[in-house]
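I opened this entry to check backbone geometry.

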Amino acid sequence: MSAATHLALVRRPPDALGRTPVDVTEVRTPALDPGDALLAPLTVGVCGTDWQILRGLRDDPSPVLGHEGVAHVVEPGDTGLPTGSLVTVNPTHPDDPAFLLGHNLPGLWAERTRIPAGAVRAGLVVPVPDGADHPRVAALAEPLASVLYGLRIALHTLRPATLVVWGDGIVGRLAREAWTREIPGVETLLVGRGNDAVDPHDEDLPQRLAGLPSPVAAVIATPRTGTREALSALDRHVRGALLVDVHAGLPSGAMPLAGRDIDVAALRAANCGGVPWPPEIFTFDRPAGPLLLFGHRGVARDHLRQAVDLLLATRAEPLGRHALTHESDLKSAAGLINSVLTSTGRHFDGRRVLKAAIRVGERP
């Protein structure tokens, strides 16, 4: 790396299947406008949304992905932080859709990342304590923050007797851990493909859902393609009050729920970055009991700080200890990503990839 260039994981043009593998490429370090900050990522994560983009399931145009991670400050711009400070970046601007880090502008899978002045002034560069660049902390803080955002909204509404987590990927597993720590004794049901989960097509699942103690809270943390199926099944089979955190994205448009057509994608977007508070929760009558729906996009800086503190505070019994399955440096990350991307499963080195952390650089 020179003062003018740095290394990054850059997406190739789409192949015949729409996939965009990555290469480690030397790229020009961006010039800064007044107020911009320049960060040097230390440890970054690969999340489910990144896989969807790489597989061509989303049309996010950024050539460099990465919206989870911890960096140190190279040029502080208007952050007010000293050079060398440890920070994370809130990837979603609550008011400006033009800023979505690693989606529509270059993200953290690089030795240098520019944060525009507008995002800096909005407080999206968040200082974090020493130790936050640990792979488990850096890679899990943003998804855990999103889980905590949903948990806070849910507990604002009711205290469930049962928790259903639909989706056993990284968000689903973090949600199960966070909710059961917050609500000791809550009965849980994990729906997914793992050995410790109930398969979504298990013939006994409808009966199990119908017999759950009420009130029931559910977190839907499936891939985007599975959200509607999960929500429909919960609506059909759960008896009593049902509160659903539609954590996963889904296609826009109405879907049949509670005896009517509901545009769940529109409802999901009503809460963004911690705003508004009290949150928007939508209630629908149904014969089996009320259906309360909410979703959320992005997180607030307080959610990120809480997540980092929680991950740092649980080292004796680390939260998310089973979720971080792979670690690599920047150069070997391309091999991991491309191998998973071009295979039929989501395995690397003989293990299922839940969360991968990439060591990009060292703190000076």
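This is a predicted model: local features need pLDDT of at least 70, side-chain atom pairs count only at pLDDT 80 or more; totals for chains, interfaces and linings use all residues.

**Background.** Most peptide bonds are trans, and most residues other than glycine have a negative phi. I looked for exceptions to both.

**Cis peptide bonds.** I began with Ser-214 and Pro-215. A cis peptide bond joins them, with omega about 0°. I then asked where Pro-215 sits. I found Pro-215 in the loop that runs between helix 5 (205–210) and strand 10 (216–220).

I went on to Trp-277 and Pro-278. The peptide bond joining these residues is cis too, and omega is about 5°. I placed Pro-278 in the loop between helix 7 (264–268) and strand 14 (282–284).

**Positive phi.** I turned to Ala-258. This residue is not a glycine, yet its phi is positive, about 50°. I located Ala-258 in the loop between strand 12 (255–257) and strand 13 (260–262). Is Ala-258 buried or exposed? Its relative accessibility is 9%, so I logged Ala-258 as buried. The cut-off for buried is under 20%.

I looked up Asp-349 next. Its phi is positive, near 55°, and Asp-349 is not a glycine either. I traced Asp-349 to the loop between strand 17 (347–348) and strand 18 (351–352). Is Asp-349 buried or exposed? I logged Asp-349 as exposed because its relative accessible area is 63%. Exposed means over 50%.

**Recap.** I noted Ala-258 as buried, whereas Asp-349 is exposed.

How values were computed. Residues are numbered from 1 along each chain as its sequence is written. Side-chain values use heavy atoms; hydrogens and water are left out. Helices (H or I, at least four residues) and strands (E, at least two) are DSSP runs, numbered from the N terminus. Buried means under 20% relative accessible area, exposed over 50%, partly exposed in between (1.4 Å probe, protein chains only).
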